[in-house]
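Reader: I want a close look at a single part of this model, the sheet. Please set it in its surroundings as well, and keep it brisk.

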Amino acid sequence: MEPTVPRMLAASFLVSLFVMIMSFPAGAITLSVGQQQSFQTIKEAVTAAHPGDTILVYPGNYREGNILIRKSLVLIGRDYPVLDGEDKYEIITVAATDVVIQGLHLVNTGAASINDIAAIKGLDVKRMKILNNRFDETFFGIHLSNSSQCLIEGNMLKGTAGARAEQDVGNGIHLWKSDHITIRNNDVTGHRDGIYFEFVTRSRVSGNFSHQNLRYGLHFMFSNDDEYMDNTFQNNGSGVAIMYTKGVTMVGNRFEGNQGAASYGLLLKDIGDSRIEQCQFARNTVGIYMEGSSRCILKDNTFRENGWALKIQASCDNNTLTRNNFIANTFDVATNGSISLNTLAGNYWDKYEGYDLNRDGTGDVPYHPVSLYGMIVEKMPTSVMLWRSFLVMLLDRAEKVVPAVTPENLRDDSPSMRML
Amino acid sequence: MIEVRNVNKRFGKLEVLREVNATFQKGGSYAIVGPNGSGKTTLIKSILGMVLPDSGTIEVDGESVRGHWSYRERIGYMPQIGRYPDNIKIGQLLTMIRDLRGTAKATDDELVHELRLDELSDKRMHTLSGGTRQKVSAAISFLFDPAVLILDEPTAGLDPLSVEILKAKILKEKERGKVFLITSHIMSDLDELSSHILYIEEGIVRYDNMIAELKRQTGEEKLGRAIAGMMRNNFKANPS
Amino acid sequence: MIRITKHALYDILRNRFVLFYAVFLMIITFSLFSLDSDPGKAILSLLNIVLMVVPLVSIIFTTIYFFNSYEFIELLLSQPIDRKVIFFSEFLAISIALSAAYLVGVGLPVLLLGGQGALYMLVSGLLLTWVFVSLAFAASVSTRDKARGIGMSLLFWFYFSLIYDGLILYLIYSFSDYPMEKLTLALISLNPVDLARIVILLKLDISALMGYTGAFLKNFFGTGLGIGYSMSLLVAWSLIPLLYALRKFLRKDI
């Protein structure tokens, strides 16, 4: 009873036609804005436009305060016209479905601590697209709440980098209570948090570059079932923090150069049933800091040249670490408890000194990644000043021979002899 | 020439020199005599500035030795036990000392030749016998033609031939008006070489006079007997 | 002074030890670099040599040499030479010999093979050599007995490379409830080995990874001022024991 191929084609053609008619209602026109164009200001064009129309903004400097869009419009900038918020206004506020904002250069939003002034704000929007815009000196860059099925792609966001204190800067891409959002290939810098999610579900974040933000490169909580692929988080004040969330998938991300007293490549707090795979953690004070997290799988990641590759608190259980590389970290693993409820297996540890008699690629004696000195530093951070001293060397050697303090069951029984 | 006044020195609890006074004058040859551990070497080393007295003054040509060093140009010293860097050769040692002094003046190599040290110049110091080292010390002490010679047990350990060579050298230099301070336990040597005697016991100078006078006082011909006689008389003959 | 230094230097070189020391350091350095493909890691391994072996050899060799050259000193003292000149000449001769051995054994390979922080390691090692030569002098003039002198030197070495750090750890443990950063700065300043270690480590650029204390130390020692501070402190560390030793030597009966 299968439909024949010609009938399928006919059906899909009809569907497409229907969609086209719906999205481009009869009479959809393009309104041009610019000094030599029919509209001098964007606001006039927005007022004149009908849903489905396109507003084409020519190069120029537009100081129009707040532009409110309440219909489904396409707003396209040619050669990046500048929309200036004069340090007072929120530039574009959208409260309609199917709005597209593309190719604009948004600068100098206002800043306020009470309401979140943004360059582009979407309220209860659907299917909104924010494409290839530039943001400079913005308090919040993109701010969506109660929205779904939106696409944020190819934007360059630069926050009020001059400001110092966290409270003087907003987030780059800020989402609240949204779902099915795609955030792709954006470059975010100079904000408080590069990308911020709260109650955002079933969304996908990929190929973004979030760097030199004051607090976190990526920060989310209560945001279940999201995917993070191939992003780079670099030199952010405190790295990346994710909290109170289940079903996170993180693959192929890079966490680099997040250094400081409270900096982490990746902070996991109360995270459950999540996967972190093929990620690179390099030159962070702490590669991954895990607390209250359960049933997470950390696999095929590489930890390189971190102060601590992994800090796993005793409140974590049933997590699995396997096939990860630990290379040139000062400390491989630190913990604050004496027992461990997590599984370590088949990782490569460059500090492993065991042997492999049967040449199966797996070391014959277990590796204990927690060093005595690591534990001392965990308890008394100041003692880090003794790092690489003769005393520390002796302590660690002695503990290796007669383990007394380090948790006996936090160990890799099948350490890999080769890098994976 | 050399004035020692009220010199005291203790090593820990041991009083090595007690209120020592002595004058060593130009043209004199002084035998410093006393039992082992009486303070002879300490006195000598004090004059050389190697030991620093706790109190009192030592002057050489009217200049205090404390904190000074240039006066040692005028002193030749032959230590009791000549100790030298192990790996140095005799030739190198002599060259080095000449180099250290840096004087353009021709050195007095007479003893070097007569004691045949030039034939041994390739020998390393640690291979030498005690006697040969003594010869080296003797040669060095005369090398720069000093006005004062301080010889600590010069003849002990030397073979008879070398003793004679050294004695001849001492007498020759004495004729030239040099001052000698000689310690020795061999009284016959001192009899030949000295004109004065300074007897020290437990750091105290017990007798200080011409040897001829001592002999006259005790009526003895030989210095050894004269000293023994003086000791029997409990130093009553001591003029001081 | 130059003449005496020259002769003392001849004397040191006649005994082959310094040559062995240089060759030993060179073999170690080259093998560390060939074992580790990453020069940064090799430098880190070399750090242990510089912080432990160099001070140990410097202090023990100097002490033994000082006692062995008593004869030479005695000979010099009977000559018209100032005691100060004799003292400084001996110090210079030993420092030059050990520094040269270090520069040849560690410096040459490190400069050839490079690596981050190599220069700082070189300079710090050199300064540590002088510090421990100077400490050896202080130990040597304090006693007439060679065995006691060597014992005292060993104790110095143990104190600075192990015992002191143990005390620091105890202190940190006892006062772990208080902010200790400023105090650590003072504590580091009081131990030349710790000082050299921290300076080198900070130059290896791993310090920022070490949390708050690391960042604090980096803020201080990472600046030009901090480097200047630590270098001049190391120089002070080599001068103070030396001047103490000089004082004693000038009053010493030979």
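Author: Start with a term. Two strands count as paired when DSSP finds at least two bridges between them. With that in hand, turn to chain A of this predicted model.

In chain A, 12 strands form an open sheet. Their order is S4-S7-S10-S13-S16-S19-S22-S25-S28-S31-S34-S37. The pairing is parallel. Strand S4 (67–69) and strand S37 (331–334) of chain A stand at the edges. Each has a single partner strand, so one side of each is left without a neighbour in the sheet. From one strand to the next, the twist averages 10°.

Now zoom in on one pair. Strand S25 of chain A covers residues 239–246, and strand S28 of chain A covers residues 264–272. They pair in the parallel sense over 7 bridges. A:Ile242 stands opposite A:Leu268 in S28(A). What holds such strands together? In general, strands of a sheet pair through backbone hydrogen bonds, either parallel or antiparallel.

Chain A has another parallel pair to inspect. Strand S1 (residues 30–33) of chain A is joined to S2(A) by 4 bridges, and the two run parallel. A:Thr30 has A:Thr54 as its bridge partner in S2(A). Strand S2 of chain A spans residues 54–57. Its covered face holds A:Ile55 and A:Val57. Its uncovered face holds A:Thr54 and A:Leu56. A:Thr54, the bridge partner of A:Thr30, is therefore on the uncovered face, given that strands here pair by bridges.

Next, the nonpolar cores. The largest has 157 residues. B:Ala139, B:Ile150 and B:Leu198 have the most contacts inside it. Helix H6 (residues 118–141) of chain C gives this core its largest share, 16 residues. B:Ala139 touches B:Leu111, B:Val112, B:Leu115 and B:Leu117, leaving aside residues up to four places away in sequence. A second, separate core has 94 residues. A:Ile101, A:Met128, A:Val188 and A:Tyr264 are among them.

How does chain A meet the other chains? Of the 2 pairs of chains in contact, chains A and C share the most contacts. There, 21 residues of chain A are in contact with 28 residues of chain C. On the side of chain A that touches chain C, 10 residues are nonpolar, 9 polar and 2 charged. Chain A and chain B have no contact between them. Their closest C-alpha atoms lie 37 Å apart.

Chain C also touches chain B. That contact takes 20 residues from chain C and 19 residues from chain B. Helix H1 (2–14) and helix H4 (70–77) of chain C each supply at least two residues of the chain C side. By class, that side has 7 nonpolar, 5 polar and 8 charged residues.

Last, chain C itself. It has 11 helices and 0 strands. Buried residues make up 50% of its 254 residues. Its C-alpha atoms fill a box of roughly 60 × 40 × 30 Å, taken along the principal axes. A compact globule of 254 residues would have a radius of gyration near 18 Å. Chain C has 19 Å, which agrees. Among contacts in chain C between residues at least 6 apart in sequence, 78% join residues at least 24 apart.

Note on methods: Residues are numbered from 1 along each chain as its sequence is written. Chains are lettered from A and ligands numbered from 1 in the order in which they are written. This is a predicted model: local features need pLDDT of at least 70, side-chain atom pairs count only at pLDDT 80 or more; totals for chains, interfaces and linings use all residues. Axes are lines fitted to C-alpha atoms, for helices over the stretch in contact, and angles run from 0 to 180 degrees between N-to-C directions. Two residues are in contact if their C-beta atoms, placed from the backbone, lie within 7 Å. Ala, Val, Leu, Ile, Met, Phe, Trp, Tyr, Cys and Pro count as nonpolar, Asp, Glu, Lys and Arg as charged, and the others, Gly among them, as polar. The radius of gyration is taken over C-alpha atoms; the globule rule is 2.2 Å times the number of residues to the power 0.38. A residue is buried if 20 or more other C-beta atoms lie within 10 Å of its own, exposed if 12 or fewer, and partly exposed in between; C-beta atoms are placed from the backbone. A nonpolar core is a set of buried Ala, Val, Leu, Ile, Met, Phe, Trp, Tyr and Cys residues joined through C-beta atoms within 7 Å.
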